[in-house]
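Thanks for coming. I have one structure to go through today, so please look at the screen.

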Amino acid sequence: AFFFDLYSHNMSESGHPFGYEFENFQRLLDIPMDISPYNYAATGTGLAIALSVVGAAWGIFITGASLLGGAVKEPRIRTKNLISVIFCEAVAIYGIILSIIFSGKMEAVSGGFTNADWFSGFAIFNGGLTVGGCNLVCGICVGIVGAACALADAQRPELFVKILVVEIFGSALGLFGVIIGIVMTTQAKFG
């Protein structure tokens with residue numbers, strides 16, 4: 001009964017069956033086109049660097065905690081396992097490099113925006129989202145494998161190189177994101 005009362009209340013106030021006019025709903029669909037393509041491009045550039053840095057920080061946090069814990073039992077693993085922290089930091093560098101590339105594609109536009117400008121804004125936004133998302137997951141992956149590497153090295157030193165190979169493959173996920181981001185934005189150019 002409550003839903004029927006709600007439906008009839010909306011119907012009686014606005015004269016429309018769902019309580020709103022379709023033209024106003026259609027206006028909601030036009031909102032993405034009210035935002036400048038520069039805003040899309042700048043947001044994508046920011047997402048590329050921000051998510052990459054968060055992924056690197058998260059990976060360093062995971063690796064560092066296990067590295068310090070394992071170093072209590074076996075102090076010899078401290079310096080050798082810093083390679084895991086370096087792999088995590090490389091993820092942030094991927095995001096910085098792509099942000100510089102993306103920001104180089106944004107140039108001043110004279111007059112109104114063309115279809116090419118809209119394409120460029122959306123391409124850079126989606127490229128930044130892809131790069132940032134891949135690097136976020138890559139940083140977590142490298143951090144988890146680096147933590148396992150530190151603990152395994154503390155128990156059995158012969159496992160270090162074998163797990164390091166797995167860590168290198170995990171780090172390649174970030175490079176895949178970089179390559180995809182470059183491919184996605186190859187044709188993007190304002191102006």
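This is a predicted model: local features need pLDDT of at least 70, side-chain atom pairs count only at pLDDT 80 or more; totals for chains, interfaces and linings use all residues.

Ser171 lies in helix α7. Which residues does Ser171 touch, leaving aside its neighbours within four places in sequence? They are Phe87, Tyr94, Cys138 and Val142.

Two of those partners lead us to the next helix. Phe87 and Tyr94 are among the buried residues of α5. Helix α5 covers residues 82-104, and α7 covers residues 160-184. In general, a pair of packed helices is described by the angle between the axes and the distance between them. For α5 and α7, the axes come within 11 Å and cross at roughly 10°. That angle makes α5 roughly parallel to α7, because anything under 35 degrees counts as such. On the α5 side, the contact is made by Ile83, Ser84, Phe87, Tyr94, Leu98 and Phe102. On the α7 side, the residues include Phe160, Leu164, Ser171 and Val178. Sorted by class, this contact has eleven nonpolar, four polar and one charged residues.

How do the axes of α6 and α7 cross? They cross at roughly 175° and come within 8 Å. The two helices are therefore roughly antiparallel to each other, since the angle is over 145 degrees. The residues of this contact divide into 18 nonpolar, ten polar and two charged.

In soluble globular proteins, nonpolar side chains tend to be buried together. In this model, the largest nonpolar core has 13 residues, and Val142 and Ile163 have the most contacts inside it. Helices α5, α6 and α7 each supply at least two residues of the core. The largest share, five residues, comes from α6, which spans 115-155. As for Ile163, leaving aside neighbours within four places in sequence, it is in contact with Val145, Ala148, Cys149 and Ala152. There is also a second, separate core of eleven residues, which includes Ala41, Ala123, Ile124 and Val178.

Which of them is buried, and which is exposed? Asn115 counts as exposed, because its relative accessibility is 69%, over the 50% cut-off. Asp117 is buried, with a relative accessible area of 1%. Leaving aside neighbours within four places in sequence, Asp117 is in contact with Pro37, Val109, Gly112, Lys189, Phe190 and Gly191.

Asp117 and Gly191 are 74 residues apart along the chain, with their C-alpha atoms separated by 6.8 Å. Asn115 and Phe190 are 75 residues apart in sequence and 10.0 Å apart in space, C-alpha to C-alpha.

That is everything I have for today.

How values were computed. Residues are numbered from 1 along each chain as its sequence is written. Side-chain values use heavy atoms; hydrogens and water are left out. Axes are lines fitted to C-alpha atoms, for helices over the stretch in contact, and angles run from 0 to 180 degrees between N-to-C directions. Helices (H or I, at least four residues) and strands (E, at least two) are DSSP runs, numbered from the N terminus. Angles under 35 degrees count as roughly parallel, over 145 as roughly antiparallel, 65 to 115 as roughly perpendicular and the rest as oblique. Contact means heavy atoms within 4.5 Å. Ala, Val, Leu, Ile, Met, Phe, Trp, Tyr, Cys and Pro count as nonpolar, Asp, Glu, Lys and Arg as charged, and the others, Gly among them, as polar. A nonpolar core is a set of buried Ala, Val, Leu, Ile, Met, Phe, Trp, Tyr and Cys residues joined through side-chain atoms within 4.5 Å. Buried means under 20% relative accessible area, exposed over 50%, partly exposed in between (1.4 Å probe, protein chains only).
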